[in-house]
Amino acid sequence: MVLTFLSLILLSILPDLYIWRKYTRGTNVISSFCVFLPTLLTGVALLLFMAGRSSICMQAFFILLTCFFIPKVVFLIFDALSLLAAWLLRKKWKRRIYLPVALALIVFAAQVFGVAFGTHILKRNEIEIPVKNLPATFDGYRIVQISDLHLGTYNGHTGFLEKVVRRINEERADLIVFTGDLVNINSTEVHPYAAILAQLNARDGVVAVLGNHDYCIYNARQSELEKKYHFSQIIAFEKECGWQVLRNEHLAVSRNGQRLYIAGAENNGRPPHPALADLSKTLKGVPQNAAVVLLSHDPYHWAREVSRNKQVDLTLSGHTHAWQLRFGNISPAALTMPHWAGLYSEGGSRLYVSTGIGGSVPYRLGAWPAYDIITLRKE
């Protein structure tokens with residue numbers, strides 16, 4: 001991860017050098033210094049993060065990179081295109097700097113909005129999904145899916161999470177499911193939010209599975225013993241909130257003598273993320289023709305294994321956040337994740353991917369924080 005961050009710092013210098021060479025070299029020292037100042041501050045934030053592993057320093061690094069590097073790249077691209085057009089068209093095209101500057105400022109404003117306000121714009125997604133073998137009494141069964149809270153990113157501020165819990169409770173759902181990533185790094189992040197999350201309620205309770213961050217494996221400064229302690233504290237916290245944590249196991253919800261099975265697998269993702277799911281163990285004892293809804297944090301698990309399992313009708317996942325950047329049906333997440341948001345189907349199996357509430361960094365643009373209302377329908 002650190003190597004990736006250092007590479008981003010080096011890349012950030014390239015647009016700075018271009019702007020300095022074309023526009024501020026030979027002017028006063030202050031102008032040239034201002035060109036390089038954002039990258040300098042970004043580098044300082046990275047060094048502080050590497051030295052102390054402070055999540056605030058990591059967030060500052062990302063905010064500076066997002067708000068300054070991306071607009072500079074936009075300026076560089078359009079200024080270079082303007083220069084190319086002027087060279088190709090000779091006197092027919094008079095080069096102007098106004099358009100590249102205007103576009104860079106628009107991108108800058110959008111990025112600042114995503115940092116300052118985007119993480120608190122709560123949306124509600126609603127979808128009906130047909131489920132094979134769904135008993136008639138469960139036709140219309142409403143599930144609220146919450147995913148990827150990443151509590152450490154809120155730095156102890158509770159207002160937004162209080163709003164999330166209030167809005168979800170107002171739905172009066174049959175069941176609430178949490179599809180993983182409660183924290184960023186360790187269990188201490190949950191302390192300010194314990195009383196708030198304990199207020200979540202639904203007719204059939206709250207069911208949770210673990211996300212890759214919940215295993216508390218991403219702090220290189222912690223010993224294996226410390227990581228195991230924080231992991232155990234995450235599970236203990238969720239149980240204290242009254243949530244039923246499913247770790248390669250299932251439960252049955254009964255109505256009028258009929259049953260809907262809610263199964264929960266441990267995280268199963270690409271390296272370096274944990275791959276601990278055991279689908280056979282998770283479904284052991286579930287009747288062959290039963291209706292099954294599987295909770296599995298990473299949609300990679302569905303693509304790798306679940307979609308070919310005839311017992312699982314619907315899988316609910318999170319993990320992607322749509323990279324916290326989305327314009328309609330377009331997101332950079334699609335470059336690396338074939339299943340990054342919404343409903344997918346393969347054969348008789350369906351996958352629904354929530355883009356979640358939070359994120360490891362305080363930024364969302366287009367991919368606003370959202371919870372999902374999933375109504376099951378008899379197929």
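Predicted model: local features only at pLDDT ≥ 70, side-chain atom pairs only at ≥ 80, totals over all residues.
Residues are numbered from 1 along each chain as its sequence is written, and side-chain values use heavy atoms, with hydrogens and water left out. Local features need pLDDT of at least 70 and side-chain atom pairs count only at pLDDT 80 or more, while totals for chains, interfaces and linings use all residues.

**Stop 1: Lys 72 and Asp 16**

Select Lys 72 and Asp 16, whose side chains meet in a salt bridge with 2.5 Å from N to O. The term means a side-chain nitrogen of Lys or Arg within 4 Å of a carboxyl oxygen of Asp or Glu. Lys 72 is in helix 3 and Asp 16 in helix 1, 56 residues apart. Helices here are DSSP runs of H or I with at least four residues, strands are runs of E with at least two, and both are numbered from the N terminus. Lys 72 is buried at 13% relative accessible area, and Asp 16 is buried at 0%. Buried means under 20%, exposed over 50% and partly exposed in between, with a 1.4 Å probe and protein chains only.

**Stop 2: the largest cavity**

On a 1 Å grid over the protein atoms alone, a cavity is a set of points where a 1.4 Å probe fits but cannot get out; a pocket is an open set with protein on both sides within 12 Å along at least five of seven lines; lining residues have an atom within 4 Å of a point. The cavity holds about 40 Å³ of space. Helix 3 gives the most to its lining, with five residues.

**Stop 3: the second largest pocket**

Next select Ile 19, Phe 68, Pro 71, Lys 72 and Ala 104, which lie nearest the centre of the second largest pocket among its 15 lining residues. Helix 1 (2-24), helix 2 (29-52), helix 3 (55-89) and helix 4 (98-116) each give two or more residues to this lining. Its volume is about 320 Å³, counted as the space filled by probe spheres set on grid points joined across faces, edges and corners.

**Stop 4: the nonpolar cores**

Move to Ile 146, Leu 149, Leu 182, Leu 197, Leu 200, Trp 243 and Ile 357, the residues with the most contacts inside the largest nonpolar core, which has 32 residues. Such a core is a set of buried Ala, Val, Leu, Ile, Met, Phe, Trp, Tyr and Cys residues joined through side-chain atoms within 4.5 Å. Helix 5 supplies the largest share, five residues. Another core, of 24 residues, lies apart from it and includes Val 131, Ile 143, Leu 314 and Ile 374.

**Stop 5**

Select Glu 171 and Arg 124, a salt bridge with closest N and O atoms 2.6 Å apart. Glu 171 lies in the loop between helix 5 and strand 3 and Arg 124 in strand 1 (residues 123-131), so the pair ties together parts 47 residues apart in sequence. Glu 171 is buried at 13%, whereas Arg 124 is partly exposed at 36%.

Then show Arg 304 and Glu 305, where the closest N and O atoms are 3.4 Å apart. The whole structure has 12 salt bridges.
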